[in-house]
Amino acid sequence: MTPAGAIDFDGSSDQVARELIGMTLLVDGVGGVIVETEAYDREDPASHSHSGPTARNAAMFGPPGHAYVYRSYGIHWCLNFVCREAGHGAGVLIRALQPTHGLERMAQRRGLSDPRLLCAGPGRVGQALGITREHNGLPLDADPFGLLPATDALPVVAGPRIGISKAVDVPWRFGAAGSRFLSRPFRQAALTSM
């Protein structure tokens, strides 16, 4: 169910973030196609890992190919994929999915039925997939996670990340060009090569 080996989580966070676009993410069989990501690295002042390991971000310093889950604004659970070598502190935030599996379950969890809004934003992704603190540190190549290779190569755009106050011009937000399932349209975007 989980050929997470189809992606090299030892790569740089911006490389992994770009390569994840088009892959299918499932949690207990619920999920969809990854259409938006953001990369973060320890040298990046916007990253949770920038100041070093803490109890909250410890999973970011663990082995690559594991989940880093944190609570945003005390409300939303957000899912990240750890990359680079263990101890480095880099990850990729899953910002949006195109829902394809378990839409009824996602609609129930989110309290709405518009497929475009089910997973358009990291907090919505977390809620729709049932992400909790219990997922923090779990390997992505084992249940409850499933990470399937892309069936089609999607054109990818890159632009500045959203909702941060440091390193705001770093173009480490990646998305499927033209997807209607993005959390927000790309204002300053450039097509990237895959």
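Trainee: What does buried mean for a residue here?
Mentor: The model is predicted, and the term rests on relative accessible area, taken with a 1.4 Å probe and protein chains only. Exposed is over 50%, and partly exposed lies in between. Buried means under 20%.

Trainee: Is Glu 38 buried or exposed?
Mentor: The cut-off for buried is under 20% relative accessible area. Glu 38 has a relative accessibility of 1%, so Glu 38 counts as buried.

Trainee: How many of the residues of the protein chain count as buried, as a percentage?
Mentor: The protein chain has 194 residues. Its accessible surface comes to about 8700 Å², and 51% of that surface belongs to carbon and sulfur atoms. The share of residues that count as buried is 52%.

Trainee: What is the pattern of helices and strands along the sequence?
Mentor: The secondary structure comes to four helices and nine strands. Read along the sequence, they follow the pattern α-β-β-β-β-β-α-α-α-β-β-β-β.

Trainee: Which residue forms a salt bridge with Glu 38?
Mentor: A salt bridge needs a side-chain nitrogen of Lys or Arg within 4 Å of a carboxyl oxygen of Asp or Glu. For Glu 38, the closest N and O atoms of the pair are 3.9 Å apart. The partner is Arg 95.

Trainee: How many residues apart in sequence are the parts that Glu 38 and Arg 95 tie together?
Mentor: Glu 38 lies in strand E2, residues 30–40, whereas Arg 95 lies in strand E5, residues 90–101. Arg 95 is buried, with a relative accessible area of 7%. The pair therefore ties together parts whose separation in sequence is 57 residues.

Trainee: Where is Ser 183, and which side chain does its own side chain meet in a polar contact?
Mentor: Ser 183 is found in the loop between strand E8 (173–176) and strand E9 (190–192). At 16% relative accessibility, Ser 183 counts as buried. Beyond four places in sequence, Ser 183 touches residues including Glu 36, Ala 120 and Arg 173. The polar contact, at 2.9 Å, is with the side chain of Arg 95.

Trainee: Which residue meets Asp 41 in a salt bridge?
Mentor: Asp 41 is buried, with a relative accessible area of 5%. The N to O distance in its salt bridge is 3.4 Å. The partner's side chain belongs to Arg 84.

Trainee: Is Arg 84 buried or partly exposed?
Mentor: Arg 84 also forms a salt bridge with Glu 85, the closest N and O atoms being 4.0 Å apart. Glu 85 is partly exposed, with a relative accessible area of 43%. The relative accessibility of Arg 84 is 24%, so Arg 84 counts as partly exposed.

Trainee: How many residues does the largest nonpolar core have?
Mentor: Leu 25 is among the residues with the most contacts inside this core, as are Ile 34 and Phe 81. Leaving aside neighbours within four places in sequence, Leu 25 is in contact with residues including Val 30, Leu 97 and Leu 129. A second, separate core of nine residues includes Ala 59, Phe 61, Tyr 70 and Cys 78. The number of residues in the largest core is 44.

Notes: Residues numbered from 1 in each chain as written. Predicted model: local features only at pLDDT ≥ 70, side-chain atom pairs only at ≥ 80, totals over all residues. Heavy atoms only, no water. Core = buried A, V, L, I, M, F, W, Y, C linked by side-chain atoms within 4.5 Å. Contact = heavy atoms within 4.5 Å. Helix = DSSP H or I, 4+ residues; strand = E, 2+ residues; numbered from the N terminus. Areas by Shrake-Rupley, 256 points an atom, 1.4 Å probe, with all protein chains shown as cover. Polar contact = N/O pair within 3.5 Å; in protein donor to acceptor, adjacent residues only side chain to side chain.
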